[in-house]
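Let's take a walk through this model together, one feature at a time. Have the structure open beside you as you read.

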2 protein chains.
Amino acid sequence: MKFSTRSRYGLRAILDIAINGKDKPASINAIAERQDISEKYLEQLMPKLKRAGFIESVRGTYGGYVLAKSPEDISVGEVLRVLEGPLAPVRCIVEKEDKRCGRWNKCVTKFIWAEIKDKIEEAVDSITLKTLVEIYKKKDAEKGYMYYI
Amino acid sequence: MKFSTRSRYGLRAILDIAINGKDKPASINAIAERQDISEKYLEQLMPKLKRAGFIESVRGTYGGYVLAKSPEDISVGEVLRVLEGPLAPVRCIVEKEDKRCGRWNKCVTKFIWAEIKDKIEEAVDSITLKTLVEIYKKKDAEKGYMYYI
DNA sequence: TAAAATCCTACTAAAAAAATAGGAATTACG
DNA sequence: CGTAATTCCTATTTTTTTAGTAGGATTTTA
């Protein structure tokens, strides 16, 4: 019941872009260095975020990534779903009828799984990148040192 | 971000014991058959539930497992924690200070992880085996067929 | 034309999860 | 007493998933 590094890295990467990619695009190289993530691994996450419409890429020298929407229009939930798949604690509650297991109709535990899913979504869908950037800036000012992500 | 089969099987097993282990102990063999779980795999989960004080074992012929507490005193959350470990979506938020990563002090994403953890716990700690058994019985009566778990 | 970047996709390594295996100890019952 | 049914213990293997690495093609700026 853990998020993979894929999700953790990906979320930090897009937050990094939200913060550092405003004037000029943020390159994989720069993000990887700031976030201490393997460059090549990060490189594989970016297309997911791009295809989902969160970021745009700029190729060539001085290229990199910028947000494709404003931070308040990107929720943490959306990002995590793209990186991790549906935020359900078990597969069956998000699968189509024909792929459910034979005990579905008679299953009691499914009610718990569904409730957990709802709660998780409550948490992640109510917070956007904007909120996180604001926390970042506030802490930054308070403490007088660069805040990472 | 999925529960392992360990957790799913284990929860179903203890529910099975709550329902079927009232008159006589429920044996691994019988639970495995009802729940369609590998007997040998299940065998490895039971000691965890036993050590945690949820069930008691009866050895020998006609042996098996019975609940060690009443169902209303066993929450789903407790059971899942025993089987799965802390219900945190990332490790760092439940680790001791000295095991945290170097960016802890400056981390923004930790606030989300903590919130997700709280929400998950809200869901699982508020429901006990008693509730699930009641759902089971209600459905059972309604529909006129044995309900599994 | 050279350097810095994204893009694409295949491969490998490591870790975790799931399942299997086999025998020791305990107990009820004929 | 002996046998069958059971828990108990722990090691091994298999499978799946995750994480990381590699290398070259394409694009763009200066």
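This is a predicted model: local features need pLDDT of at least 70, side-chain atom pairs count only at pLDDT 80 or more; totals for chains, interfaces and linings use all residues.

## A lysine inside a helix pair

B:Lys117 has a relative accessibility of 18%, so this lysine counts as buried, the cut-off being under 20%. The side chains of B:Lys117 and B:Glu121 form a salt bridge, with N and O 3.6 Å apart. Both residues belong to helix H5 of chain B, where they sit four residues apart, or about one turn of the helix. In chain A, salt bridges with shared partners tie A:Arg81, A:Lys117, A:Glu121 and A:Asp125 into one network.

## Other salt bridges within the chains

Which residue does B:Asp125 pair with in a salt bridge? The partner is B:Arg81, and the closest N and O atoms are 2.8 Å apart. This pair brings together distant parts of the chain, since B:Asp125 lies in helix H5 of chain B and B:Arg81 in helix H4 of chain B, 44 residues away. B:Asp125 is partly exposed, at 36% relative accessibility, and B:Arg81 is partly exposed as well, with a relative accessible area of 26%.

A:Lys130 and A:Glu134 meet through their side chains in a salt bridge of 3.9 Å, N to O. They are separated by about one helical turn, because they are four residues apart in helix H6 (residues 129–143) of chain A. A:Lys130 counts as partly exposed at 37% relative accessibility, and A:Glu134 counts as partly exposed at 44%. Over all chains, the structure holds 14 salt bridges.

## The layout of chain A

Six helices and two strands make up the secondary structure of chain A. Read from the N terminus, its elements follow the order α-α-α-β-β-α-α-α. Along the principal axes, the C-alpha atoms of chain A fill a box of roughly 55 × 35 × 25 Å.

Of the 149 residues in chain A, 46% are buried. Among the contacts in chain A with a separation of 6 or more, 63% are between residues 24 or more positions apart. A:Ser7 gives a local view of such packing. This serine sits in helix H1 (residues 5–20) of chain A and counts as buried, because its relative accessibility is 0%. Apart from neighbours within four places in sequence, A:Ser7 is in contact with A:Leu80, A:Leu83 and A:Glu84.

## The nonpolar core

In soluble globular proteins, nonpolar side chains tend to be buried together. How many residues does the largest nonpolar core have here? It has 87 residues, and those with the most contacts inside it are A:Ile14, A:Ile116, B:Ile14 and B:Ile116.

Leaving out residues up to four places away in sequence, B:Ile116 touches A:Phe3, A:Ile120, A:Ala123 and A:Val124 in chain A, along with B:Met1 and B:Pro89 in chain B.

## Where the two chains meet

The contact between the chains draws 46 residues from chain B and 45 residues from chain A. Together the two chains bury about 4300 Å², with 67% of that area on carbon and sulfur atoms. On the chain B side, B:Met1, B:Arg103 and B:Lys106 lose the most area to chain A, together 19% of what that side buries.

Polar pairing is found here too: the interface has 16 residue pairs in polar contact, both residues at pLDDT 80 or more. Two salt bridges cross between the chains. A:Lys119 forms a salt bridge with B:Glu122, their closest N and O atoms lying 2.5 Å apart. The elements of chain B that give two or more residues to the side touching chain A are helix H1 (5–20), helix H2 (28–35), helix H4 (76–84), helix H5 (110–125) and helix H6 (129–143). H5(B) gives the most to that side, with 10 residues. By class, the side of chain B that touches chain A has 28 nonpolar, four polar and 14 charged residues.

Conventions: Residues are numbered from 1 along each chain as its sequence is written. Chains are lettered from A and ligands numbered from 1 in the order in which they are written. Side-chain values use heavy atoms; hydrogens and water are left out. A nonpolar core is a set of buried Ala, Val, Leu, Ile, Met, Phe, Trp, Tyr and Cys residues joined through side-chain atoms within 4.5 Å. Buried means under 20% relative accessible area, exposed over 50%, partly exposed in between (1.4 Å probe, protein chains only). Contact means heavy atoms within 4.5 Å. Buried area is the accessible area (1.4 Å probe) that two parts lose on being put together, summed over both. A salt bridge is a side-chain nitrogen of Lys or Arg within 4 Å of a carboxyl oxygen of Asp or Glu. A polar contact is a pair of N or O atoms within 3.5 Å; within protein, one must be able to donate a hydrogen and the other to accept it, and residues adjacent in sequence count only if both atoms are side-chain atoms. Ala, Val, Leu, Ile, Met, Phe, Trp, Tyr, Cys and Pro count as nonpolar, Asp, Glu, Lys and Arg as charged, and the others, Gly among them, as polar.
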